[in-house]
Amino acid sequence: QVQLVESGGGLVQAGGSLRLSCAASGSIFSINTMGWYRQAPGRQRELVAVIRKGGSTMYADSVKDRFTVSRDNVKNTVYLQMNSLETEDTAVYYCYADITRRVDYRRNDYWGQGTQVTVSS
């Protein structure tokens with residue numbers, strides 16, 4: 001059993017900052033890519049930022065230079081520092097991880113339950 005538990009969402013004014021965290025736990029052998037996706041009402045889920053095990057990152061154009069993704073491989077945790085937030089950033093943010101399980105060495109995609117980020121004008 002593998003779980004991703006997110007924290008850090010909330011309500012913030014435009015121009016403000018929030019930091020999201022997501023901790024993976026359970027039968028984990030290794031974690032490959034981790035990151036964040038988001039889904040706004042009426043829109044498809046989209047990639048926000050991901051970070052590979054070696055540390056390379058990829059960002060959506062809309063968040064480059066404002067958001068920073070990082071990870072702690074000891075704590076199996078991924079973070080998303082969000083600065084200069086805009087009303088368009090309002091969405092449910094989902095943590096993602098590509099995990100190989102210890103129990104059977106199967107590799108699967110896992111998702112968190114989602115955390116709401118609301119940016120007010």
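How many aromatic pairs does a search of the whole structure find? The search turns up four. Keep that in mind as you explore this predicted model, and let's visit some of them.

**Stop 1: a ring pair across the chain**

Select Phe-29 and Tyr-105. Their ring centres are 5.0 Å apart and their planes meet at 75°; an angle over 60 degrees counts as edge-to-face, so that is what this pair is. The two residues come from distant parts of the chain: Phe-29 belongs to strand β4, Tyr-105 to the loop between β9 and β10, and 76 residues separate them. Now show the surface. Phe-29 has 45% relative accessibility and counts as partly exposed, while Tyr-105, at 52%, counts as exposed.

Stay on Tyr-105 for a moment. The hairpin of β9 and β10 has five residues between its strands, and there Tyr-105 takes a positive phi near 60°.

**Stop 2**

Next, pick Tyr-37 and Trp-111. This aromatic pair is edge-to-face too, with 5.1 Å from centre to centre and 70° between the planes. Again the pair links distant parts of the chain, with Tyr-37 in strand β4 and Trp-111 in strand β10, 74 residues apart. Trp-111 itself is partly exposed, with a relative accessible area of 38%.

Now bring in Arg-45. Its charged end sits over the ring of Trp-111, 4.8 Å from the centre. Arg-45 also lies over the face of Tyr-94, at 3.8 Å from that ring's centre.

**Stop 3**

Colour residues 91–101, which make up strand β9. Is this strand largely enclosed or open? Nine of its 11 residues are buried, so the rest of the structure largely encloses β9.

Which strands pair with β9?

- Strand β4 (residues 28–39) runs antiparallel to β9 and is joined to it by nine bridges; look for Ile-31 with its bridge partner Ile-99.
- Strand β10 (residues 107–111) pairs with β9 in the antiparallel sense over five bridges, and Tyr-96 stands opposite Trp-111 here.
- Strand β11 (residues 115–120) makes an antiparallel pairing with β9 over three bridges, where Val-92 stands opposite Gln-116.

**Stop 3: strand β3 and its partners**

Finish with strand β3, residues 18–26. Strand β1 (residues 2–7) pairs with β3 in the antiparallel sense over six bridges, and Ser-7 has Ser-21 as its bridge partner. Strand β8 (residues 77–82) also pairs antiparallel with β3, over six bridges; there, select Ala-23 and its partner Thr-77.

Terms used. Residues numbered from 1 in each chain as written. Predicted model: local features only at pLDDT ≥ 70, side-chain atom pairs only at ≥ 80, totals over all residues. Heavy atoms only, no water. Buried < 20%, exposed > 50% of the residue type's maximum accessible area, 1.4 Å probe, protein only. Helix = DSSP H or I, 4+ residues; strand = E, 2+ residues; numbered from the N terminus. Pairing = 2+ DSSP bridges. Phe/Tyr/Trp six-rings, centres within 6.5 Å; stacked < 30°, edge-to-face > 60°. Lys NZ or Arg CZ within 6 Å of the ring centre and 35° of its normal.
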